[in-house]
Amino acid sequence: MNILIIDAQGGGIGRQLIAAIRENIQDAVITAVGTNTTATAAMLKAGADHAATGENAVVVNSRKADVIIGPIGIVIADAMLGEITPRMANAVAQSDARRLLIPVSHCDNIVVGAGGLNIGKLIQAVVAELQK
């Protein structure tokens, strides 16, 4: 299973996702793409098999993934303090991959009903979905 994890800012969600997936799904091939070098470095340290940074990396790797995982902002142009470009959001949205989006309310994008959800429990739900 080729998993693409996309994260921005500090890469904290991506780092946690990679650690949880590594612990539970040994045969996964994980590619981490950060919108900036800090996010990429955090995910690489967490155990990603491959890592890259930036818009073109999101576009190219979205074509190759079986599953794309990240905060819901990865499908919203200009989300995550502007780190998600329209081209990135479009590549993720149009990918043939299954998308597992974590409901994070941030940067004026409010996911109604997601308030107060624990990120740890959301990551466990992602792992459970991958194991199906």
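The legends below accompany several close-up views of this predicted model.

Local features are given where pLDDT is at least 70 and side-chain atom pairs only at pLDDT 80 or more, whereas totals for chains, interfaces and linings use all residues. Residues are numbered from 1 along each chain as its sequence is written, and side-chain values use heavy atoms, with hydrogens and water left out.

View 1. R22 sits in helix 1, which spans residues 12-24. Here and below, helices (H or I, at least four residues) and strands (E, at least two) are DSSP runs, numbered from the N terminus. With a relative accessible area of 24%, R22 is partly exposed; the scale calls a residue buried under 20% relative accessible area, exposed over 50%, and partly exposed in between (1.4 Å probe, protein chains only). Setting aside neighbours within four places in sequence, R22 touches A28, I30, G47, A48 and D49, where contact means heavy atoms within 4.5 Å. A polar atom of the R22 side chain also lies 3.2 Å from the backbone oxygen of A28. For orientation, E83 is 61 residues from R22 in sequence and 26 Å from R22 in space, C-alpha to C-alpha.

**View 2. The salt bridge between R22 and D49.** The closest N and O atoms of R22 and D49 are 2.5 Å apart, and the two residues form a salt bridge. That term stands for a side-chain nitrogen of Lys or Arg within 4 Å of a carboxyl oxygen of Asp or Glu. The pair links distant parts of the chain, 27 residues apart: R22 belongs to helix 1, and D49 to the loop between helix 2 and strand 3. D49 is partly exposed, at 41% relative accessibility.

View 3. As a reminder, an α-helix has 3.6 residues a turn, so residues three or four places apart point the same way. Just after helix 2, G47 takes a positive phi of about 120 degrees.

**View 4. T31 in strand 2.** T31 has its place in strand 2. A relative accessible area of 14% makes T31 buried. Beyond neighbours within four places in sequence, T31 is in contact with I3, L4, I5, H50 and N61. N61 is itself one of the buried residues of helix 3, which brings us to the next view.

**View 5. Helix 3 and the link to helix 4.** Within helix 3 (residues 55-64), A57, V58, V59, N61 and S62 are buried. Their packing partners are strand 1, strand 2, strand 3, strand 4 (67-71) and helix 4 (86-94). Also in this view, the side chains of R87 and E55 meet in a salt bridge at 3.2 Å, N to O. R87 lies in helix 4 and E55 in helix 3, so the pair ties together parts that are 32 residues apart in sequence. R87 is partly exposed at 40% relative accessibility, and E55 is likewise partly exposed at 30%.

**View 6. The salt bridge between E129 and K132.** Side chains of opposite charge can pair when their charged atoms come close. Here the side chains of E129 and K132 meet in a salt bridge, 3.1 Å from N to O. E129 counts as partly exposed at 27% relative accessibility, whereas K132 counts as exposed at 75%.

View 7. S95 occupies the loop between helix 4 and strand 5 (98-102). S95 is buried, with a relative accessible area of 9%. The S95 side chain reaches the backbone nitrogen of A97 at 3.0 Å.

Methods: Polar contact = N/O pair within 3.5 Å; in protein donor to acceptor, adjacent residues only side chain to side chain.
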